[in-house]
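Please look over the chain shown below before reading the notes that follow it. They are meant as a briefing to be read beside the model.

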Amino acid sequence: MPKKRKATSDAVQILHRRYYHGKPTRAAQLQEARAEDELARKIYELREQAGLTQERLAKLVGTTASVISRLEDSDYKGRSLTMLKRIAAAVNKRVEIRFVPLNEKLQTA
């Protein structure tokens, strides 16, 4: 007999169950989207914390404001490690990369 799910009114849990639970490909796509979003947000936050406009950051890293805008967009797929290093250097930071297991449990929030 299948396990009975605990009833919930949490919309995030309901959507997760409906669209991602038991669907590894879809769950992997969600993880990828979250990673892209996190990177875009980090670039934005670095720029904001440094008190820079997109135009000023662009000048510091030798590119255009439209490139910075794209880098801050979670849908953009053209980020490079070289550009991330240039941005980091412009705000007196360094890039750090880590590897995590593929089988980490997908979080619902």
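The notes below begin with the overall make-up of the chain and then go through its parts by topic.

This is a predicted model, in which local features need pLDDT of at least 70 and side-chain atom pairs count only at pLDDT 80 or more, while totals for chains, interfaces and linings use all residues. Residues are numbered from 1 along each chain as its sequence is written, and side-chain values use heavy atoms, with hydrogens and water left out. The chain has five helices and zero strands, where helices (H or I, at least four residues) and strands (E, at least two) are DSSP runs numbered from the N terminus. Buried residues account for 20% of the 109 residues in the chain; buried means under 20% relative accessible area, exposed over 50% and partly exposed in between, with a 1.4 Å probe and protein chains only.

**Overall pattern**

- Read along the sequence, the order of elements is α-α-α-α-α.
- Of the contacts in the chain between residues at least 6 apart in sequence, 52% join residues at least 24 apart, a contact being heavy atoms within 4.5 Å.

**The nonpolar core**

- The largest nonpolar core holds 12 residues in all, namely I43, L52, L57, A58, V61, V67, I68, L71, M83, L84, I87 and V91. Such a core is a set of buried Ala, Val, Leu, Ile, Met, Phe, Trp, Tyr and Cys residues joined through side-chain atoms within 4.5 Å.
- At least two residues of this core come from each of α3 (54-61), α4 and α5.

- The buried residues of α3 are L57, A58 and V61. They lie on the same side of α3, because they cover an arc of only 105° around the axis, the arc being that of the directions from the helix axis to the C-beta atoms.
- These buried residues of α3 pack against α2 (24-49), α4 and α5.
- Not counting residues up to four places away in sequence, A58 touches T63, T64, A65 and I68.
- The axes of α3 and α5 come within 9 Å and cross at roughly 110°, axes being lines fitted to C-alpha atoms, for helices over the stretch in contact, with angles that run from 0 to 180 degrees between N-to-C directions.
- The two helices α3 and α5 are therefore roughly perpendicular to each other, given that angles under 35 degrees count as roughly parallel, over 145 as roughly antiparallel, 65 to 115 as roughly perpendicular and the rest as oblique.
- Where they meet, L57, L60 and V61 in α3 are in contact with M83, R86, I87 and A90 in α5.

**R79 and E36**

- R79 is found in the loop between α4 (65-71) and α5 (81-90), and it counts as buried because its relative accessible area is 14%.
- E36 belongs to helix α2 and likewise counts as buried, because its relative accessibility is 14%.
- The side chains of R79 and E36 are joined by a polar contact of 2.6 Å. A polar contact is a pair of N or O atoms within 3.5 Å; within protein, one must be able to donate a hydrogen and the other to accept it, and residues adjacent in sequence count only if both atoms are side-chain atoms.
- The side chain of R79 also has a polar atom 2.8 Å from the backbone oxygen of Y76, and a polar atom of that side chain lies 3.1 Å from the backbone oxygen of L71.
- Leaving out residues up to four places away in sequence, R79 touches E36, L39, A40, I43, R70, L71, D73 and S74.
- With neighbours within four places in sequence set aside, E36 is in contact with S74, Y76, K77 and R79.
- The C-alpha atoms of R79 and L39 are 40 residues apart along the chain and separated by 9.3 Å.

**K77 in the α4-α5 loop**

- K77 lies in the loop between α4 and α5, and it is exposed because its relative accessible area is 59%.

**Positive phi values**

- Just after α3, G62 takes a positive phi of about 75°.
- N92 lies in the segment after α5 and counts as exposed, because its relative accessibility is 71%.
- The phi of N92 is near 60°, a positive value in a residue other than glycine. Most residues other than glycine have a negative phi.
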